[in-house]
Amino acid sequence: MSLLLRGGNKLLAPGAGGVLGLPCLASLSRLPAAPSALVRPLSTPAASQASSFDAPSSSSSSSSSDAQAADCPAPGVRDAERFRLTPSTEFWRTWDPRQDVPSARALVAHALTELTGAGEGGRTSQRYFASHLLRTSAFASLGAAGFLTHAATSAMRMTTPAGPTIAQPTPAALADAGYRALLEALAAYRQDGRRVAAGEYAFPWDMESSRHPQYRGVLRKAARFMFEATQTLRRRRAAEPDNLWVRGSVYPEYYKNTYHYQTDGWLSTHSSEVYETSTESLFVGRQDAMQRLVLPPLMDHLANVAGRGASDVQQDQHSPPRVLELACGTGRLGTFVRDNLPYAEYHAVDLSPFYLERARSNHRAWEKLRGAKLARGAAGAHFYHDSIERVPDELARVLGDDGGWFDAVYCVYTFHELPMEAREAAVRTMFQALKPGGVAVLVDSIQLGDREPLDRSIGRFGDFNEPHYRGYISTDLGALFERAGFACVEKEMNSSSKRLSFMKPTT
Ligand SMILES: C[S@@+](CC[C@H](N)C(=O)[O-])C[C@H]1O[C@@H](n2cnc3c(N)ncnc32)[C@H](O)[C@@H]1O
């Protein structure tokens with residue numbers, strides 16, 4: 001069996017690879033014990049992190065191959081040479097949810113304390129945990145139902161796919177995976193919830209109003225997800241992705257792949273409509289919390305742009321800050337960004353017209369719900385049906401000049417699906433798009449060296465029709481961005497995601 005999930009969005013088979021950013025079930029028993037401390041010092045000096053590895057070379061090659069040389073220190077280790085590390089980075093580096101029983105207890109205690117209102121986070125944290133635990137219950141139930149439907153339909157067919165199939169996990173292995181996924185969600189919520197309670201960014205707007213589109217047509221969405229789960233799990237079991245239904249030179253070759261064995265790849269209405277349900281079911285609800293990693297550097301930078309507080313920036317009607325999202329998908333994250341920066345001019349690029357349509361709909365829903373914020377003069381959203389590689393030409397046509405249009409640019413859960421050449425092109429686009437002093441933010445799957453207990457298993461995620469994933473987890477992203485001219489700034493992690501931020505130098 002396999003589960004559709006995203007590390008970014010991924011299909012993972014517990015019997016054959018990592019699950020929800022967790023080690024594969026088969027390898028769990030071989031994992032080393034992890035330290036139990038939940039919170040560790042602010043940052044570990046680069047030298048001490050690197051010391052368990054061979055000394056890093058001073059620069060990375062500009063090879064176009066997909067992976068780094070095998071004898072290089074893992075990229076998660078090399079990050080410490082270039083980036084300021086946040087406390088969460090150090091916590092996640094060694095945390096193993098299955099082995100670290102004191103941490104597990106502390107997480108449950110934290111959630112219960114916040115839930116009862118007795119915690120430090122006050123009423124905001126209470127609301128946060130109440131809504132997020134409900135969210136996780138809903139998505140965990142949906143994920144389990146999807147798997148059971150797949151198991152039932154496979155049994156009814158009473159046939160196995162031709163050729164070798166992926167071994168099915170035992171119920172005990174599934175229960176263990178579920179337990180660890182729930183702990184990952186609790187830890188992710190603790191990190192995100194603390195930021196919300198501290199007022200660093202807004203309470204998630206989708207959890208505030210029953211008018212959010214995610215609450216519409218719930219039964220229809222659940223049925224569509226079940227259908228999609230049975231199809232993707234069947235393809236994964238047989239290791240047979242469908243061919244893409246459409247051909248054409250409009251799309252780069254690597255794009256014409258049905259990633260994660262999902263139906264139609266990125267190219268159908270069905271795919272765009274089931275995407276959010278699938279990914280959140282398989283992250284048991286924590287995907288949004290991980291994606292919100294993108295917010296702090298964007299908000300900090302836009303506050304600095306005007307040399308004033310964030311609220312002043314929001315009200316600066318004459319020169320609204322411009323933000324560019326590359327590969328926006330269904331636009332869901334973009335609505336969280338705009339909810340925190342409603343006066344920023346938001347531009348979004350994606351190569352799938354189906355996902356862009358969905359993004360437009362998500363943004364319209366946000367605009368409708370947040371009418372009061374917008375009434376003071378929001379700068380609006382602009383969508384581009386284009387590739388990350390080629391969009392600068394269109395931006396130049398629309399915005400004038402040949403670059404330097406944006407104060408901030410970000411890209412989430414897409415680099416791991418790009419071959420090395422496309423990753424390099426994406427970084428070049430980011431550099432060209434930014435004004436001098438502008439900030440670039442990347443959020444994607446953790447890499448080798450980011451969470452040591454997972455190192456032996458995360459690569460198997462590449463078996464889920466993710467041809468570039470193994471190259472991605474071995475790529476020194478700091479070096480990649482530095483080669484394009486960026487300066488590395490800060491690294492943060494949350495569960496199976498990492499965030500790296502960069503600055504385009506002013507000179
Ligand atoms: C894994 S999804 C991530 C979507 C969104 N960033 C999120 O985190 O939910 C990948 C998205 O990248 C888009 N994409 C992939 N390669 C692209 C490219 N070269 N140019 C533009 N979009 C691309 C796909 O169409 C898809 O919407």
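The model is a predicted one. The protein contains 19 helices and 10 strands, and buried residues make up 52% of its 507 residues. Among the contacts in the protein with a separation of 6 or more, 78% are accounted for by residues 24 or more positions apart.

**Ligand surroundings**

- The ligand is surrounded by 21 residues, of which the closest are Ala327, Gly329, Leu351, Ser352 and Tyr413.
- By class, the shell around the ligand divides into 12 nonpolar, 6 polar and 3 charged residues.

**Packing of H5 and H7**

- Two packed helices are described by the angle between their axes and the distance between the axes.
- Helix H5, which spans residues 101-115, packs against helix H7, which spans residues 171-197, at an angle of about 55°, and the axes of the two are 10 Å apart.
- That angle makes H5 oblique to H7, and the crossing of H5 and H7 is left-handed.
- On the H5 side the contact is made by Ala104, Leu107, Val108, His110, Ala111 and Glu114, while H7 contributes Leu183, Leu186, Ala187, Arg190 and Gly193.
- The residues in this contact of H5 with H7 divide into 7 nonpolar, 2 polar and 2 charged.

- Helix H13, covering residues 332-340, is mostly covered, with 9 of its 9 residues buried.
- The buried residues in H13 include the charged-class residues Arg332, Arg338 and Asp339, and Leu333, Gly334, Thr335, Phe336, Val337 and Asn340 are buried in H13 as well.
- The axis of helix H11 (residues 295-305) comes within 11 Å of the axis of H13, and the two axes cross at roughly 35°.
- H11 passes H13 in a right-handed crossing.
- Where these helices meet, Leu295, Leu298 and Met299 in H11 are in contact with Phe336, Val337 and Asn340 in H13.
- The contact of H11 with H13 has 5 nonpolar residues and 1 polar residue, with no charged residues.

- Val284 has a phi near 40°, which is a positive value in a residue other than glycine.
- Val284 lies in the loop between helix H9 (269-282) and helix H10 (287-291), and Val284 counts as buried because 25 C-beta neighbours lie inside 10 Å, where the cut-off for a buried residue is 20 or more.
- Ser495 also is not a glycine, yet Ser495 has a positive phi of about 55°.
- The loop that holds Ser495 runs between strand E9 (487-494) and strand E10 (497-503).
- Ser495 has 31 other C-beta atoms within 10 Å and is therefore buried.

**Phe227 in helix H8**

- Phe227 is found in helix H8, which comprises residues 218-238.
- With 16 other C-beta atoms within 10 Å, Phe227 is partly exposed, because that count falls between the limits of 12 or fewer for an exposed residue and 20 or more for a buried one.
- Phe227 and Gly146 are 81 residues apart in sequence, and their C-alpha atoms are 7.9 Å apart in space.

Key. Residues are numbered from 1 along each chain as its sequence is written. This is a predicted model: local features need pLDDT of at least 70, side-chain atom pairs count only at pLDDT 80 or more; totals for chains, interfaces and linings use all residues. A residue is near a molecule or strand if its C-beta atom, placed from the backbone, lies within 6 Å of it. Helices (H or I, at least four residues) and strands (E, at least two) are DSSP runs, numbered from the N terminus. Two residues are in contact if their C-beta atoms, placed from the backbone, lie within 7 Å. Axes are lines fitted to C-alpha atoms, for helices over the stretch in contact, and angles run from 0 to 180 degrees between N-to-C directions. Angles under 35 degrees count as roughly parallel, over 145 as roughly antiparallel, 65 to 115 as roughly perpendicular and the rest as oblique. A crossing is left-handed if the near helix is turned anticlockwise from the far one by less than a right angle, and right-handed if clockwise.
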